[in-house]
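Biologist: Please walk me through this two-chain model. Keep it brisk, and give me the cut-offs as we go.

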Amino acid sequence: MSFEKLDDTMMKTYPTKVYRKRKKAAMVNDPGEVKEIQANVRTIPGIITQRGCTYAGCKGVVLGPTRDIVNITHGPIGCGFYSWLTRRNQTRPENETAENFMTYCFSTDMQDSNIVFGGETLLKDAIQEAYDLFHPKAIAIFSTCPVGLIGDDVHAVAREMKAKFGDCNVFGFSCEGYKGVSQSAGHHIANNQIFKHVIGSDDSRSDSKFRVNLLGEYNIGGDAFVLEELFEKCGIELVATFSGNSSIDHFANAHTADLNLIMCHRSINYVAEMMEVKFGIPWTKVNFIGAGQSAKSLRKVGAYFEDPRLIARIEEVIAEEMLKTDEAAAEYRPGTEGKTAMLFVGGSRAHHYQDLFAELGMKTLAAGYEFAHRDDYEGRRVLPSIKVDADSRNIEELHIEKDPGRYSQALQDRKAALMEKGMEFSDYEGMMAQMEKGALVIDDISHYEMEKLVEVYKPDVFCAGIKEKYAVQKMGIPLKQLHSYDYGGPYAGFDGAVNFYKEIERMVNTNVWGLIKAPWSNQSAMSAKYAGGKHAVASHT
Amino acid sequence: MNKKTPDYVSTSNPCKVCSPLGVSLAVKGLENAMSIMHGSQGCATYIRRYMISHFKEPLDIASSSFDERSAVFGGKRNLRAAIENVSLKYDPELIVVAPTCLSETIGDDLRAYCRNFDSTTSAEVLSVSMPTYTSAHLVGFYGAVRSVVAGKEKGDEKRQAVNIFPSMVSPADLRYLKEIVGSFFDKSMVMPDYSETLDGEIWGEYIPIAPGGTPQKDIASAHKADFSISFSPYTKEDISAACWLEEEYGVEHFDLLPPIGIRGTDELIDVLSQKSGRDVPRNLVRERARLIDALADSHKYTFGKRAVVYGDGDFVAGIASFLDEIGIVPVICACGTPFPRFEEYLKNSLEETEPEYIGADVDFRDLEELMEGKEYDFMIGSSKGYPLSRKRGIPLVRCGFPIHDRIGGPRFLHVGYEGALNLLDTIVNTLLTKKQDDSTVGYSYL
């Protein structure tokens, strides 16, 4: 199938205006000559998108996994309810009495009168109530669509209540749903406020030698637990993870770490950038999805600290772990070799998981992000050429300055020396450079385009989320949820890779599609041309 | 009798969802129809995720994807584009536009907008009028049905003898309801009917709009029917389709108690039999007799047990009524949504037992406090009650909507004699499991 033909079936049936816009978001990849892709632009109304809203990105994604902040949704009931205890919220409090508010959903449940007369009093009362009930370390307020429109000033309310309590950090987020193009705007807003109100508020530091933060790791399916264990085994201290299995205390002294490791570049690069400007902490991109990438990422940490004992320990751990993953790959690969996958998810997952599929001998036919920007596709080198549009201007850009007392010139000197030796910092080369020539890249794929893609290419597995899962499976193709891992996982690190191999092998070899046609029926109960046809043959011929 | 719940400011761990979700669900039960949420795209995305997790079926809901400009100047342009694109890719016969909190805040006049979209689409475009912030999912559900019945271009043909307007029940319930009504009337309309669209077959290819749903022609002829039946006697009239048909076209209206349990089902069968002039078919007679026999057999397990019932008003009234029939006291009857006259509704649904608490607009924090200091044998309601049941160490009977932590929610039968039998088996077996697990001896004979 040529791309032109796909273009005919998938895109050209749109009205001209829509076609012109969507065409810029879909292309055939050439890693040697990365082309400009349209990303982070408004979804066309009525096109069924995978994307969520700004509020979802702020509350659900970035702040969702932190257990000891009381989160209050300021708005009508739906938003708070939908973002309550969903998929990412695995956490392990330090002990049985440690605070964990994740099982709660607090909402001001705005009514007509609050919309007409303003909701600030209601919000203050709700904050006071949360404080009286729990005496938490922090209370965060999340604004939903109506809040910005009726002019409630959540930041002023937060300041007032914080001053009143004295022992509780209160801060607000202007993350009204309509504000951005997608949840990505919410990530940025969350980054800003956490940086402004939390990071740097506790200067205490342990005396361990190798101290790093892991940014953009959200503990889906218990990934953070696997990585915490892995770091500990290597003798590396994780000061803070943003924000899988996190506590606000970790954020508060994250600025004492010596290196920031970035997993999901899209959702968290802002914090890394701001920490570097203010505190001098360098950042580097890592990927703990896939055995090979996990090993590479650990080695990066070793190289950064240039400590022979640490490097030796890391090599020992890698050797030990790779035994497991090599054995598992050998076991499962015969069932997966040569099969194909498509990934349409997130702002980093559609890239990272390609490594896991490669370890299974599987080819990625097409991939795209839901809410990424051009730099996540084409690499950060294109940052200067990205046009700032009205939607991006909506989001506050914090003006950050060097913190004279706490800025570490030593770390910056180390970075400079290592860069001389070829180590990469402050860079992400994006998805397209790694993808094969001829593979498809499509941003913000619509439901319709997804159906056409599956129909034409018939991949062996499709990776997306629950909204797509049952639509794709109706066509006889298994769908792996990469937002929630189908409530399985973990898939990060070496242990996670083993889990993933096993599950994918099972999914691509399931015989359930073979049952679609009953042996006693001459004609199928549905159209004979079903996508899973090739799986169907063995069971009844 | 009513212990007052503490007067909290925040709603904590709510037992209600928003009204646009109810609209989306109802529209999934109309043939060849699509819904558009008029607001931020997050509304459609959240609602899809929430409902798909329960139904495990494709569920396409469009959005007019507001940006800051539309939030300030109105979303008419976005809505026009949404309608155009939905029409092109889905080719629906009917597009239903739901307001969201955002469009209501800025005062977008959806009705006026929708009247002017003829050039954009060949589909009929209707808007739902309902409050967004103040109400919850059930209001959206009923409001959508009413807005479509009232707004739809009317047909001249008489097609069905009866219109059935169920509450938010499961696809299995709808299938069974259709079967029951079908044994009395050759032609009837159940609206909405998502029995196939949300509990569908494997297709092998993709069909943009799932087959099934209440036929558009039947909806257009609703005013020609002899009578309507609805199951929400205490719902406000302004969101009832059956009330509207009665007022506007004089279609006789029976507002029955939910057909959950024996009394509710008896009442429904009675009306159907009388109106059709047909005898109750043998299979229904047998189903009922089997049910009563099973009740007699299991009475020793159910008698005097204490239950906590929560959910939306019609669900709680129906379940409480059934528990009352089998000797279980619905000690706490908590409606998660605001519901005027809920106490009256509940009291009229019960004959034998007296709850200790009946209240509306109750969230799970209120419920936890209400339950404090007393013993209960089980809770019954959606999977959202699980954390509380776990905390209290009492079993949870999962039914209603949503069920996010077990499979089979859409296939759970609540209504009719068969539904009552299913509820009975599930409840008794839950109690027996608890008894068995709690015992220090591993009895395998209970």
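Predicted model: local features only at pLDDT ≥ 70, side-chain atom pairs only at ≥ 80, totals over all residues.

Modeller: Residues are numbered from 1 along each chain as its sequence is written, while chains are lettered from A and ligands numbered from 1 in the order in which they are written.

Biologist: At what angle do the axes of helix H9 and helix H12 of chain A cross?
Modeller: Helices (H or I, at least four residues) and strands (E, at least two) are DSSP runs, numbered from the N terminus. Axes are lines fitted to C-alpha atoms, for helices over the stretch in contact, and angles run from 0 to 180 degrees between N-to-C directions. H9(A) spans residues 183–197 and H12(A) spans residues 265–279; their axes come within 8 Å. The crossing angle is roughly 30 degrees.

Biologist: Why is H9(A) described as roughly parallel to H12(A)?
Modeller: Angles under 35 degrees count as roughly parallel, over 145 as roughly antiparallel, 65 to 115 as roughly perpendicular and the rest as oblique. The axes of H9(A) and H12(A) cross at roughly 30 degrees. That angle therefore makes the pair roughly parallel.

Biologist: How do the residues of the contact of H9(A) with H12(A) divide by class?
Modeller: Residues are in contact if their C-beta atoms, placed from the backbone, lie within 7 Å. From H9(A), residues including A:His187, A:Asn191 and A:Phe195 meet H12(A) residues, among them A:Ile268, A:Val271 and A:Met274. Ala, Val, Leu, Ile, Met, Phe, Trp, Tyr, Cys and Pro count as nonpolar, Asp, Glu, Lys and Arg as charged, and the others, Gly among them, as polar. The contact of H9(A) with H12(A) has 6 nonpolar, 6 polar and 1 charged.

Biologist: Which residue is the bridge partner of A:Ser107 in E1(B)?
Modeller: The contact between the chains takes 66 residues from chain A and 56 residues from chain B. On the side of chain A that touches chain B, 36 residues are nonpolar, 17 polar and 13 charged. E3(A) and strand E1 (residues 11–12) of chain B pair in the antiparallel sense over 2 bridges. The partner of A:Ser107 is B:Thr11.

Biologist: Which helix gives the largest share of the side of domain 1 of chain B that touches domain 3 of chain B?
Modeller: Domain bounds come from an automatic or database domain assignment. Domain 1 of chain B is 19–151 and domain 3 is 282–438, and their C-alpha centres lie 33 Å apart. The contact takes 7 residues from domain 1 and 10 residues from domain 3. The largest share on the domain 1 side, 4 residues, comes from H2(B).

Biologist: What is the average twist in the open sheet E12-E11-E10-E13-E14 of chain B?
Modeller: The pairing in this sheet of 5 strands is parallel. Strands E10 (residues 306–311) and E11 (residues 329–335) of chain B are joined by 6 bridges, and B:Ala307 stands opposite B:Pro330 in E11(B). From one strand to the next, the twist averages 20 degrees.

Biologist: Is the crossing of H12(B) past H17(B) left-handed or right-handed?
Modeller: The axes of H12 (residues 282–302) and H17 (residues 416–438) of chain B come within 9 Å and cross at roughly 20 degrees. A crossing is left-handed if the near helix is turned anticlockwise from the far one by less than a right angle, and right-handed if clockwise. The crossing of H12(B) past H17(B) is left-handed.

Key:
Contact = placed C-beta atoms within 7 Å. Pairing = 2+ DSSP bridges.
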